[in-house]
Amino acid sequence: MGTKAMGLFLLGLIRLLTGAQARWYGCPPKAEQRIYFANHQSHADLVLIWAALPSELRSITRPIAAKDYWTASPLKQWITTGVFNAVYVERERKGDEDPLQPLIDALESGDSLIIFPEGTRGFEDEPQAFKSGLYNLTQRFPEVVLVPAWIHNVQRVIPKGEVIPVPVLCSVTFGTPVQLGEGEPRGEFLTRARNAVVELRDV
Amino acid sequence: MTSFLRSLSANQQVSLLFVLLFGFLTLASATLLVLSMRDRPQDDAQAPKHGLRLKDYQGLVRTSWLMALVFWLGWAAGPGVATALFGMVSFFVLREFISLSPTRRGDHRSLLLVFFIVLPLQYLLVWTERFDLFTVFIPVYVFLAIPTAGALGNDPQHFLARNAKLQWGIMVCVYGMSHVPALLLLDFPQSPGRSAFLVFFLVLVVQTAMMVQHIVSRYRGQAVAPAVSASFNWYGWGAGVLAGGLLGAALAGFTPFKPLPAMAMAMVASVSGSFGHLVMKAIKRDRGVTHWGPAGSSITGASGLLDRVDALCFAAPVFFHSVRWNFNL
């Protein structure tokens, strides 16, 4: 009940501030198992892409949240678990545990995911090089559709170090799905995936 | 006709106006529905253009419905609600303006100031009828406060240009727009309760002038400033202003003015509205788009509300102040 109200409140707030427009280029919004991968420039990215998805897809799509940041306070933890149904990942590798394990569990149970393959937020216009997580996941789950996405403008809503967001229209552009080629090397695939994201900037 | 109108109470007149307005909109919607079901022209070159134009009209009718509903709500629920509604329209158009005017990280505080302090304060001043302060609040105090916040942000790059952008945004989207609900609060001692018409009067006159100008300039005349607007020419402009003036004279029965002053007022509003629209076109060209909405730059997801109300934003303050001075209000 509380989480549902919070979800609606957040949705309204995000729409009021940013419009949270979804633009489907290259693929329609469809309830198949997908991994959406996008550029990462702001903490609001996760929230924005969540809000831009149609409500039927929102309930089966889980964003990835950095464990240390999003569990730092009870409120953040409550929102990410209750409202976003997020999958927590460790940013620092600890012991032998595979950092991808929570993602693998989620994919095995049939959920779709939203991931940011740059790992951390970038401050430049161009995204940084992609980390190998995307490659490992698609190797293991070849049937899951990989959808690139570009998030526009969101870094203007809350620049680093600011607390209060300003209203600026933002949008998320979803592109043509990417597939891992037969025997394609990791580096090549990651560059191709990154280019697919960057190309959406000018659509 | 005029004497019949004057014999009605102010409230009855507004009701009549709304019946007419909603009737007209229903008619327009029905016409578009029929047009959209009709066969498309077979000529391939014409088909997409035809569809686009139809879509354009559909958008126009949708906005008109929305605006009419906003006016109706504002009238039915009183000036407080009307002020709040126009405050929201202001918020949305300012959001469109800012989204297409690149700001830098150093502008964040200024933007917060604009959206969350200046905008509500301006509408609060309207609502509480502090007309003297409301007239100077933005051009005097805010225009000093914005660059100060910017300077404290410690980023001198393009400082003047960035502040000019912000100040223009406020001037058009907040200052101009806030004069529309202010008209509702003007108090005419000779004819109480009639200020509600002034909003309709202004909107109808300005929209008519813009529409006539748009249609006439499509068929006649040479573009005056083709780099800014391919359609603006003196022929269409004159026709628009004249049409606005004539409509103003015809509507005089609804207003506190006699027909001739009503015509003059309507022409003042039409002139400032059409020039304002041209100015906004120049700003859009500078940004490299033709519309604030999806047709120009779909990237932002703007709906192009600013394109629809920009003439009004320029006409409202000029109209408001000339009414006040002419009638010593």
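## The interface of chains A and B

In this predicted model, 26 residues of chain A are in contact with 21 residues of chain B. The area buried between chain A and chain B comes to about 1800 Å², and carbon and sulfur atoms give 58% of that area. Of the area that chain A buries against chain B, 35% is supplied by Arg156(A), Pro167(A) and Leu169(A), which is more than any other three residues supply.

Polar pairing also occurs between the chains: 9 residue pairs, with both residues at pLDDT 80 or more, are in polar contact between chain A and chain B. The rule finds 1 salt bridge across this interface; in a salt bridge between the chains, Arg109(B) pairs with Glu162(A), with the closest N and O atoms 3.1 Å apart.

## The side of chain A that touches chain B

At least two residues of this side come from each of helix H1 (2-18), strand S1 (21-24) and helix H8 (154-157) of chain A. H1(A) gives the most to the side of chain A that touches chain B, contributing 4 residues. By residue class, the side of chain A that touches chain B is made up of 15 nonpolar, 6 polar and 5 charged residues.

## The sheet of chain A

Chain A holds an open sheet of 7 strands with mixed pairing, in the order S1-S7-S6-S2-S5-S3-S4. S1 and strand S4 (87-89) of chain A are the edge strands, each pairing on one side only, and from one strand to the next the twist averages 25°. Strands of a sheet pair through backbone hydrogen bonds, in either a parallel or an antiparallel manner.

Within this sheet, strand S2 (residues 34-38) of chain A and strand S6 (residues 145-152) of chain A run parallel and are joined by 5 bridges; Arg34(A) stands opposite Val145(A) in S6(A).

## Helices against the sheet

Helix H9 (residues 186-199) of chain A packs on the sheet, where it touches S2 and S6 of chain A, and its direction makes about 45° with that of S6(A). Helix H6 (residues 101-108) of chain A lies across S2, strand S3 (61-66), S4 and strand S5 (112-115) of chain A, and it runs at about 160° to S4(A).

## Salt bridges in the whole structure

Side chains of opposite charge can pair when their charged atoms come close. Over all chains, a search of the whole structure finds 12 salt bridges, one of them between Asp111(A) and Arg62(A), whose closest N and O atoms are 3.2 Å apart. Because Asp111(A) lies in the loop between H6 and S5 of chain A while Arg62(A) lies in strand S3 of chain A, this pair ties together parts that are 49 residues apart in sequence.

How values were computed
Residues are numbered from 1 along each chain as its sequence is written. Chains are lettered from A and ligands numbered from 1 in the order in which they are written. This is a predicted model: local features need pLDDT of at least 70, side-chain atom pairs count only at pLDDT 80 or more; totals for chains, interfaces and linings use all residues. Side-chain values use heavy atoms; hydrogens and water are left out. Contact means heavy atoms within 4.5 Å. Buried area is the accessible area (1.4 Å probe) that two parts lose on being put together, summed over both. A salt bridge is a side-chain nitrogen of Lys or Arg within 4 Å of a carboxyl oxygen of Asp or Glu. A polar contact is a pair of N or O atoms within 3.5 Å; within protein, one must be able to donate a hydrogen and the other to accept it, and residues adjacent in sequence count only if both atoms are side-chain atoms. Ala, Val, Leu, Ile, Met, Phe, Trp, Tyr, Cys and Pro count as nonpolar, Asp, Glu, Lys and Arg as charged, and the others, Gly among them, as polar. Two strands pair if DSSP finds at least two bridges between them. Axes are lines fitted to C-alpha atoms, for helices over the stretch in contact, and angles run from 0 to 180 degrees between N-to-C directions.
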